[in-house]
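Student: Could you walk me through a few spots in this protein? I'd like to go residue by residue and then look at a pocket.

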Amino acid sequence: REYLAWRKGNGDPHRSYDIHHLRSKGATTNDTYAMRVVVASSASTHAPTYRRGSAKGGAHEDSWKQRTLHAAGAVPTTPSLKIARDAAREALAQPTTPDAATKESYRFTDLKALWETELCRSEPTVDDWWVDDLPKGGYVGLLEGAPKQALEAFDAQAEARGTFFATLNAACASDALVVYLPKDARATRPVRVRRSAVRCMEPGATGMATTAPRTLVVVEEGANVELWEEYDEEQGRGCYTNAVTEVVVAPRARVVHRVVQLKDEGSFHTQQTLVRQAENSKYELTDVCVGSRLARHDVNVSQEGPDTETKMKHFVLCGRDQLHDVHTTVRLVHPRGACEQLHKCIVAHNTGRGVFDGNVRVERYAQQTDAGQLTRNLLLAKNATVNVRPNLQIVADDVKCTHGATVSDLEQDELFYFQSRGIDPATAREMLVYSFGSEVVQELGNKELIAKVESAVRKALVETMQ
């Protein structure tokens, strides 16, 4: 009745209609999840986006923000970063926090632990990168000395669609890594970037070090590149990492993006990936998150041409006192766009929490769109919690769009199958849990990287489930 009332012009065009409200067996009230279809008017109803200098926050959060800026205050910056850095610091001079700017977006992500963390004045961010067989005209290096075409794209997406943390990154970044490929160039080997924890500059400092890594990827028409981003650190060296990656994919170009986060369990990690795709381009993301006390990855993709393809796969493992959050937004504007997304989450401890918010918006002229979204969640402890919201906003009428969500423990029939073949219950459970995330982990496509992730997953499961 409400939907028909809206069709007659009497309803709220921005209202969300819950079509399912399910609860997993034996779960608490916090374990519920909703699967929504948003009926939108032709007017723009984009997800809330932080605008630099547009929101007000609390005194406690602003105090943390000022401490973060102070911690990065002595970090040297290159001339190319000065414009973005000055604009970001000017915006952050206003009382701005993510809680105030996008309250709904952080509904299940409690940032209190981050706000209460003392930060120390830290060393400049240092990136270790490897690249073999870079094609002629290609560039991998720091911002100063990068091609003009790449410099023109720097900070454009972060300024237009970035979150509060993207602005904070621009205010604190000491440099940026640039990956550039000219027209029709193809990198046969991946560009591998490894980012480890930095140290406090002052000996004996008690606060947590902070780092603001920045990456810009620009591939021209017909070019092809694969980028690995690895975030890890030595055990016991906690660090707050606030990363931003901007990707520009030209017509007929392809970017394969692997992000692996295996940081120390006492660390904090916030990251935003912003992607702009031209017609007939492809972007593929494989995202694995195992480490950090609190981790949040915001992915924002804008398809700006027809026949554009986006694929995203995420694997998240939440252990003791860990909160891992994946927020994604994909906007399809032109005909024959495609978007495929798979999210898998394991919550292995009763104090762990997983959060997924996936928003796919199909605009009026994005006819013949094919979009699919699926989130599968495995709760291995009695009070383990997952908050899941797959979200489709469809304005076009000639589309093929599906989404779904599952929340469950291991199936007893599956455990019985293993036990009937002589495998003890503990081993059977371990095998089923590991295979749950293997589908995404194998997409990393490199034996060394897969083995590294598998080892971290096994270690985390053993420590959590003891």
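**Buried polar residues and a pocket**

Tutor: Let's start here: a polar atom of the Asp175 side chain lies 3.3 Å from the backbone nitrogen of Leu143. Mind that this is a predicted model, where local features need pLDDT of at least 70, side-chain atom pairs count only at pLDDT 80 or more, and totals for chains, interfaces and linings use all residues. Residues are numbered from 1 along each chain as its sequence is written, and side-chain values use heavy atoms, with hydrogens and water left out.

Student: Is Asp175 buried or exposed?

Tutor: Asp175 sits in the loop between α8 (164-172) and β5 (177-181); helices (H or I, at least four residues) and strands (E, at least two) are DSSP runs, numbered from the N terminus. Buried means under 20% relative accessible area, exposed over 50%, and partly exposed in between (1.4 Å probe, protein chains only). Asp175 has a relative accessible area of 17%, so it counts as buried.

Student: Which side chain makes a polar contact with the side chain of Asn300?

Tutor: Asn300 is in strand β14 (residues 294-303), and its 14% relative accessibility is why it counts as buried. A polar contact is a pair of N or O atoms within 3.5 Å; within protein, one must be able to donate a hydrogen and the other to accept it, and residues adjacent in sequence count only if both atoms are side-chain atoms. At 2.4 Å, the partner of the Asn300 side chain is that of Arg161.

Student: How does Glu411 count, given its relative accessibility?

Tutor: Look for Glu411 in the loop between β21 (399-408) and α9 (412-419). Its relative accessibility is 44%, so Glu411 counts as partly exposed.

Student: Which element gives the most to the lining of the second largest pocket?

Tutor: On a 1 Å grid over the protein atoms alone, a pocket is an open set of points where a 1.4 Å probe fits, with protein on both sides within 12 Å along at least five of seven lines; lining residues have an atom within 4 Å of a point. The second largest pocket holds about 570 Å³ of space, a volume being the space filled by probe spheres set on the points, which are joined across faces, edges and corners. Of its 26 lining residues, the closest to the centre are Lys263, Glu265, Lys459, Ala460 and Glu463. With eight residues, the element that gives the most to this lining is α11.
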